[in-house]
Amino acid sequence: MSQRKSDVTNRKRRRFLQAGAAATAAFAVAPGAFNREARAAGALENVHNDAAAAAKKLAGGRPVTLKILEPSGSLGNVKPVAERFTAATGINVEFIEVPLGEINQKVLLEAVSKSGAFDIALPATFGIPDLVEAGILVNLDQYAQKYEPAGFGDDSLYATGDFYKGSRYGYQTDGDTYLAFYRKDWLADKEENKRFSDKHGRPLAVPETWEEFDALLAHFHRPDQGKFGGALFRTQYFIAWEFWSRYHAKGFYPFDGDLNPQINNEAGIKALEELVAASKHLYPGARTNGLFENFEAYGQGDKFANVGWGGTQKYLNGPKSKVAGKLAFGPLPGGKVNNKLLKTPYFNWGWNYVVTTTSKEPEIAYLFTLYATSPVLSTIAVRDAGGYFDPFREAHYKDPEIIKVYTPEFLKAHHASLKDSIPDLYLKGQGEYFDELRVNLTAADVGKKTPKQALDDTAAAWQRITRRLGKRSQVVQWQFLKSIYPDDVRTALV
Amino acid sequence: MAVQGILPSWSTALKRFAVLAAMALSFLPIFWLLSTSIKPHEEWAAFPPVWVTTQPTLQNYRIVFAPESAREFAATQSGSLDYKVAGSAWKAFGDSALISTAATFLSVLFGTLAAYSISRFGTGGSTYPLQLLSLRMFPPIAVVVPMVALFSLLKLTDTYLGLIIAYTAFTLPFSIWMVRSFIDEVPTELEGAAMVHGLTQFQAFLRVTLPLVRGGILATALFVFILNWSEFLFALTLTSGHVTTVTVQVAKYVSASSGTLYGVQAAMGAISTLPVIAFGYLIQRHLVRGLTFGTVKQA
Amino acid sequence: MSTIYPESLMPELAPPESRPPRLPLGIALILPAQLTLLLVVLAPTLIILWLCVTDWQPTSGTAWHAAEYIGFYNFQDLFYDRRFTDALLRTILVVLVCVGLEFLIALGLALLFLDDWPWRRLAIGVLILPMMVIPVDAANAFFMLFNDHGPVNHVITIVLGRPFTYAWLADPDWALVPIVLAEVWQWTPLMFLLVLAGLTNLPRNQVRAAVSLGASPARILFRIMLPLAAPVLILALLIRGIETFKIFDSIYILTRGGPGAATESLSIFMYNGAFVYFRIGYIAAAALLVLVAVILFCIPLDRLRRRHGG
């Protein structure tokens, strides 16, 4: 209980700092917008009932239908919630399913067509800045002011992606923190321990830094014996995510305070060199395999380490995997900065409930998102195996069904990681920045460019992108984003 | 309709073997689709690959056509794929059929009329055909956002009419070019002769020329139908749930617990081919003959 | 040897009573097509012409007609954009290889089908199956086939006698091979039908005479058949060339343009530009350049076609 209280206190402190930082930014944000104290009365535990009641009242007997744009495969998380909402309010909910990789684009096209085809959408979190700038997302501050009870935001362990330039635009509904998986039994093996400590002078243990992680990969990589150091990924997106984590772990932000890229500094080059070196200790499928092939490959039991999300664990703990019960977990490794351990757990992807500006019932739509991400209903959503949502509220970690699916050890690591996750690059043009990065990273990984060349090219490209998108506006969001990095990381990063 | 071959007759066995090899290669990926469509989900990406499954299942087809019964089946058979899907593919097939057929009909109709006009009267000048063809050179991606903007202005987004008109326009250059080639091969004296007998130009076209190029028009219709039936990009971006096509439906078969549902996509792919094959079969008599560009040609 | 009297160009040749009422009927016939095109294609084309001199992005919050005019900066940017020039050259390479292979295979097959034999009809039916499959489904099939643990590697393993798990789709240098194979597999049937049609509709007398005079097959093929069939063949090359330039579905499914940007075609480049970067103005400029490139590629082909009496 006290742990939770200090979490809340930390958040309050962070919010005050944010309010200050945001207010001093070039484009001023309404003062007090971040003061979470002054919220509507309404207990956190009862928010779903209150939201439903308010929605029912607003609908006032009219035949209202809410349309939700959801990515294919997520219906399992959304339908049970929608059914209960309809039962409680009489408001109909319809679903428009979009192929998984196209949902952000579809929402953006709605900004162009303004057809009013859907009221609520579930875009991936990193796309929210672009969508806000395109003018398709409703600023939810006014509604949050009215309906969001105290503690609602804090109860969600990761809410960094909900905000853009100081205002709320969505509610996080998926705990997509990136975690590392290790073979507990291999770590405990006495023979292995001896071999390892003979060479490195320390026993086998869950690594805390990327250097330790890479050493373990190298140690366990014995393809002639049918064992591989790691599964992991060297494909699109994934390679950029791994670099993101490795780079932050060296103690730097990817941009300086004035949004000049610094990923091509010495630390960046070193991080990329280590990433390329680690590629040698991965299984051959790392270059081709997508997420589910990765589950199956790691589930074969012949690889030491892996990275993934809650969904990975759902599979690995399931009947088809050979490693259920044999795994140890941890956040993505950190680094040693000034001789102190710097932990940089990382949140990538994520899904957010948002309300579109072309909706005819934005307030009712907002109340649905509040309802869906409330502790009670989000637990029901996360429980369902037919969707992507992983735990993200305190209540989820206490639910017996959820605990059974993920295992308590995993949830412990998940909770610790999610709470303090560094965010993705929540900037307008995120797609461009990351695409330039991943193309150059891949070029370095296959040997077509040296790490220095790759990062220099990326930095130059990033400069061009920033200039084109409007540096002043981007700097505002960058400074805001920096201010809501987790406290420990924020004070350690340069 | 075959003419004399020019290859020496001793090579008959070799020739037949080459044909068989070509047929096998043509069929291999299709075989893989069919085979995967009846595999249980453990075998979709199994290693070593399963060429012919020993545990055939209809679950993939159930998911495509009757998702509710698929869920019931999965509930009773442990290990069977349980996939929660928003709706059955019947609507996708129906919508695709409607849109593709209507668009093909309009495209070939307008195209034939225009092709006759260009062939006989040179309407539009000598560069007009190339101008038309250049419309097909535009990579569709570049046109998507302007199309979305335009269609939303005209209130045509997510409507059957919108997609039909769009598809008609996209395939018109193709229709016009192909039909024009056929009409070009029909000598104008035939029409002239008919007109001497009192028919108007247009009647001559209908009664004399058209029957001669009927095969070619049907072949064009088949190709245009294939283009419409397989179109993905605009089906995705110009619709928002009210209208859906087969191509968009296939892309939705992704599940959170099992990733891309290869077997279900294969089942959908297999069924999607049937209408095209049916159309091709119906006009097969005309297919190669029609492509012989008219039956009157002097030596 | 054309039997088409160019009445449209020399109306004086037509018998007086039957001189057609040219313009009204001609225009009337072309009207439905023209109107449809105007509605659907003209407006977006004009929008693109406008957008290519702006920097418009939907994420700028402004409407497209209110975008900022930047002159020819987009074209300048494109000229220096390595990824664009790489994509352009790569696409040209793919077009030449794919269309070339399709044509050669189609020609070879067509020669086998010139004469009649028992199950010829069935063989044609099977051979044209690939083009009936929806390209996205075909690409999915090829994705499964070329998986490093897939059937193709399985067959190679059996043939070589040792395990072969080469990752076709992850090799920056050779990932284009499965893509080219998928395209060639899918569209050779179309080329085959067109070539077969062209070759079967040749004046038989000439061919028969040449055969009876003892001319070699090669001679007959190259000196008589191909030149006579030239209009159809060039039409086939033209159509397939233009369509292959826009190659998208197979690359999107097989490699998404990767690894890195190693298999990025022009369409994939534009897809990234439009749907990942949201740089609609930039992509409009790219589309214009592509249009110019393809037209330049088509003009000589069309001239050749017309010269051969097409």
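Q: How much area is buried between chain C and chain B?
A: Buried area is the accessible area (1.4 Å probe) that two parts lose on being put together, summed over both. For chain C and chain B it is about 10,000 Å², and carbon and sulfur atoms give 79% of that. C:Leu29, C:Met132 and C:Met144 supply 7% of the area that chain C buries against chain B, more than any other three residues.

Q: What kind of source do these values have?
A: The model is predicted: local features need pLDDT of at least 70 and side-chain atom pairs pLDDT 80 or more, while totals for chains, interfaces and linings use all residues. Residues are numbered from 1 along each chain as written, chains are lettered from A and ligands numbered from 1 in the order written, and side-chain values use heavy atoms, without hydrogens and water.

Q: How many salt bridges cross the interface of chain C and chain B?
A: A salt bridge is a side-chain nitrogen of Lys or Arg within 4 Å of a carboxyl oxygen of Asp or Glu. The rule finds 2 across this interface. B:Arg136 forms one with C:Glu243, with the closest N and O atoms 2.6 Å apart.

Q: Is A:Glu148 buried or exposed?
A: Buried means under 20% relative accessible area, exposed over 50%, partly exposed in between (1.4 Å probe, protein chains only). A:Glu148 has 1%, so it is buried. Its side chain and that of A:Arg168 are joined by a polar contact of 3.2 Å (N or O atoms within 3.5 Å, one able to donate a hydrogen and the other to accept it; residues adjacent in sequence count only if both atoms are side-chain atoms).
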